[in-house]
Amino acid sequence: MPGGTGERLAHWVDGRLGHRRWFHSARRLVFPDHWSFMLGEIALYSFVVLLLTGVYLSLYFHPSSDLVVYQGGYAPLRGVLVSEAYNSALHLSFDVRGGLLVRQAHHWAALILVAAVFVHMLRVFFTGAFRKPRELNWVAGFLLLVLAMFAGLTGYDLPDDLLSGTGLQVVNGTLLSIPVVGTYLSFFLFGGEFPGDDLIARFNTIHILVIPGLMVALIVAHLILAVRHRHTQYSGPGRTNSNLVGMPLRVYAIKAGAYFFLVSGVIFFVAAIAQINPIWNYGPFRPDHVSAGSQPDWYMGVADGFLRVMPGWEIDIWGHTLALDNFLPLLVGVLLFLAMGAYPFLEAWVTGDDRDQHLLDRPRNRPVRTSLGVAWLSVYLMALIGAANDVIATHLHVSVNAVTWAVRIGLFVAPLSAFVIAKRWALGLQHRDRDMVLHGRESGVIKRLGNGEYVEVHEPLSQARLHALTAHEQHGPLKALENDGRAPTFTQRLRVKLSRAFYGPGTQVPKPTVDEYKEVTRRHGV
């Protein structure tokens, strides 16, 4: 039995929690050192900053729609009838020491959080890090992105200023366009007919309690699954599907701690020099007023863009009006994100690959997947342009209708063009890799042969570079599926067709074989 008090306490805790076994197991963890893995850390640290600044803001914010006369430090609004929420937000901005800095840091951290989660998911998508056994990790990340967007939306609307109220009117119109249940959803959310009296209190509860709680649970689950399945890694010498090369925990912990303070410092530095959401310029919300040139935060711009470019279509069915100009943009936006969330399961079904995958793909080696991702991004970017159609029109002195029609056409043309260009680009890079493996790297040295011909001298690649260019596995399309002698079902035929589209002819450049490499190097005298 240990003699010291501290040792006895540690022994007692270990007997009940087994923390020593967990600690020794954690010490054996290895973390990859590639820069792209820092994207997830930026999201995590931004979330921590959000929680800390959110606790500070909640001490001063009053989530109430009751009207008061403003008598604070901002002179242009003194004597104006405002809600308690707007009054407390102004008080926090002008009368609380450091309040405006914390408000702006909170807002900037929210923008950075969504951006970091979004870019992190793009890294996971384009490198194939979502494959088995990490499908649930992808789902957790997808849900985190959706929750972060709604957390930003609910927090953006809390100050009850005219800009956020304009956005809420758009939200209400979209809800009302949902067939059958739209009216009930609107009344439930706003506590009655818009704008209602309970909106701020309800949004405050959702913003500071419900969504953060769900996000914490998802982050914990995400980290547990990451530890359980270990990190992925890029291919290289000594790196296989059964090992992990990287930093030990003690080194990673020191770097992670420094990185947290770096991310926090950048957020507060940006908050100190870049103004964001100046609610005093917008004024208090009034249902009969609309803010001109209103723009949502960037991550909600895709929804606003679909709404702005949608024609004003309505149809009457059995005496009921279906507002397609609001409902279709909502449906398209939902389908756009559901396609992102469901893609790993589609690819696993198409490939039929049920093995654990721990090595990452280079995007060029999966041309169809890369092209689909680029096409998805092109739709997102075109919708963002549509969300700024009025600002683009006024700043570039063009017709707002011209911008709107350009976006409408672009939503159909851009994805197809992006898919074709990205696929050709990826195949071109594969051809270049193949030539580099067979003929070596261009050295820039020009040599004159005996017959007077000038050629560029090629240098052989290192073994590490050769490994990086040839380590990837190339799938083949599925053959016709057996069905006990019966004709294949529609699902089976669809699976085979999709498999050919992903891995059939024209979708990848064959890797150099060992015999080809030996023959070329023998001719070059290497």
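Colleague: Which residues of helix 7 meet helix 8?

Modeller: L168, N172, L175 and L176 of helix 7 meet G182, T183, L185, S186, L189 and F190 of helix 8, where contact means heavy atoms within 4.5 Å. By class, this contact has six nonpolar, four polar and no charged residues; Ala, Val, Leu, Ile, Met, Phe, Trp, Tyr, Cys and Pro count as nonpolar, Asp, Glu, Lys and Arg as charged, and the others, Gly among them, as polar. This is a predicted model: local features need pLDDT of at least 70, side-chain atom pairs count only at pLDDT 80 or more, and totals for chains, interfaces and linings use all residues. Residues are numbered from 1 along each chain as its sequence is written, and side-chain values use heavy atoms, with hydrogens and water left out.

Colleague: At what angle do helix 7 and helix 8 pack?

Modeller: Two packed helices are described by the angle between their axes and the distance between the axes. Helix 7 (residues 162-176) and helix 8 (residues 182-190) pack at about 145°, with their axes 7 Å apart. Axes are lines fitted to C-alpha atoms, for helices over the stretch in contact, and angles run from 0 to 180 degrees between N-to-C directions. Helices (H or I, at least four residues) and strands (E, at least two) are DSSP runs, numbered from the N terminus.

Colleague: How do the axes of helix 12 and helix 14 cross?

Modeller: The axes of helix 12 (residues 301-309) and helix 14 (residues 367-387) come within 7 Å and cross at roughly 65°. The two helices are therefore roughly perpendicular to each other, a term for angles of 65 to 115 degrees.

Technical notes. Parallel < 35°, antiparallel > 145°, perpendicular 65-115°, else oblique.
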